[in-house]
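This report describes the sheet, the helices around it and the aromatic pairs of one protein model. The sequence and structure come first.

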Amino acid sequence: AKLDAVSRANQTAAAFYQDVLETDEGNAASKYLAERGLDEQTMRTFKLGFSPRSRDGLRRYLETHSVDLDGAVEAGLLARREDGGLRDFFWGRLMFPIADRQGRVVGFGARAMDDSPPKYINTARSPVFDKSTMLYALHLAAPSIREAETAVVVEGYMDVIAAHQHGFRNVVASMGTALT
């Protein structure tokens, strides 16, 4: 049941972040993606989104969608404050949902849209997410990898997304960990 709660929190958060990307607040991120040459269809395929700068936008959204908040904490989407309250973990970031081989969102990569470090942060390790065992976009690339009998591994999310948009669909990215 706990895994289901984590999974539901991740799926719901991905939908929320996608919605926010379409708002005025997500405008800078949308502009950035357009400047990088991404089209609407590609943004939808990769479920790209934006985490609002409010401290509780996601938490409120999850509550209105009857998502178990403990599952959202376990998923790394919400963090517990010292007073016991909950705050959003990601805010003001371009959101890259990371899916498992079945296409279920299991975590997120998040890029700062200003100069605030760190440039990228990922979901912390959770019952469904371990970046050392994952390849970004494998669920989308697997059929093409099988067909081509070749996988191309690149460094970052944007590299994968651009390759897929240009028809190179056997491309994945390592999750920032050394490949052995």
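## Basis

The model is predicted; local features need pLDDT of at least 70, side-chain atom pairs count only at pLDDT 80 or more, and totals for chains, interfaces and linings use all residues. Residues are numbered from 1 along each chain as its sequence is written, and side-chain values use heavy atoms, with hydrogens and water left out.

## Sheet

Four strands form an open sheet in the order β1-β4-β5-β6, with antiparallel pairing. Strands are DSSP runs of E with at least two residues, helices are runs of H or I with at least four, and both are numbered from the N terminus. Two strands pair if DSSP finds at least two bridges between them. At the edges are β1 (49–51) and β6, each pairing on one side only. From one strand to the next the twist averages 35°.

Three bridges join β1 to β4 (residues 93–99), and G49 stands opposite M95 in β4. Helix α1 packs on the sheet and touches β1, β4 and β5 (105–112), its direction making about 35° with that of β5. Helix α7 lies across β4, β5 and β6, at about 70° to β4. Axes are lines fitted to C-alpha atoms, for helices over the stretch in contact, with angles from 0 to 180 degrees between N-to-C directions.

N10 lies in α1 and counts as buried because its relative accessibility is 0%. Buried means under 20% relative accessible area, exposed over 50%, and partly exposed in between (1.4 Å probe, protein chains only). Leaving out residues up to four places away in sequence, N10 touches A75, L77, V105, V106, G107, F108 and V128; contact means heavy atoms within 4.5 Å.

In α4 (residues 57–64), the residues G57, L58, R59, Y61 and L62 are buried. Their cover includes α1 (2–21), α5 (69–74), β2 (78–80) and β3 (86–88). Just after α4, S66 has a positive phi of about 50°.

## Aromatic pairs

The structure holds ten aromatic pairs. Rings of Phe, Tyr and Trp (its six-membered ring) pair if their centres lie within 6.5 Å; planes under 30 degrees apart count as stacked, over 60 as edge-to-face and the rest as tilted. F16 and Y17 form a tilted pair, 5.7 Å centre to centre with 55° between the planes. Both F16 and Y17 are buried. Ring pairs link F16, Y17, Y61, F89, F90 and F108 into a cluster.

Y120 and Y157 form a tilted pair, at 5.8 Å centre to centre and 55° between the planes. This pair links distant parts of the chain, with Y120 in β6 (residues 120–122) and Y157 in α7 (residues 157–165), 37 residues apart. Y120 counts as partly exposed because its relative accessibility is 35%, whereas Y157, at 9%, counts as buried.
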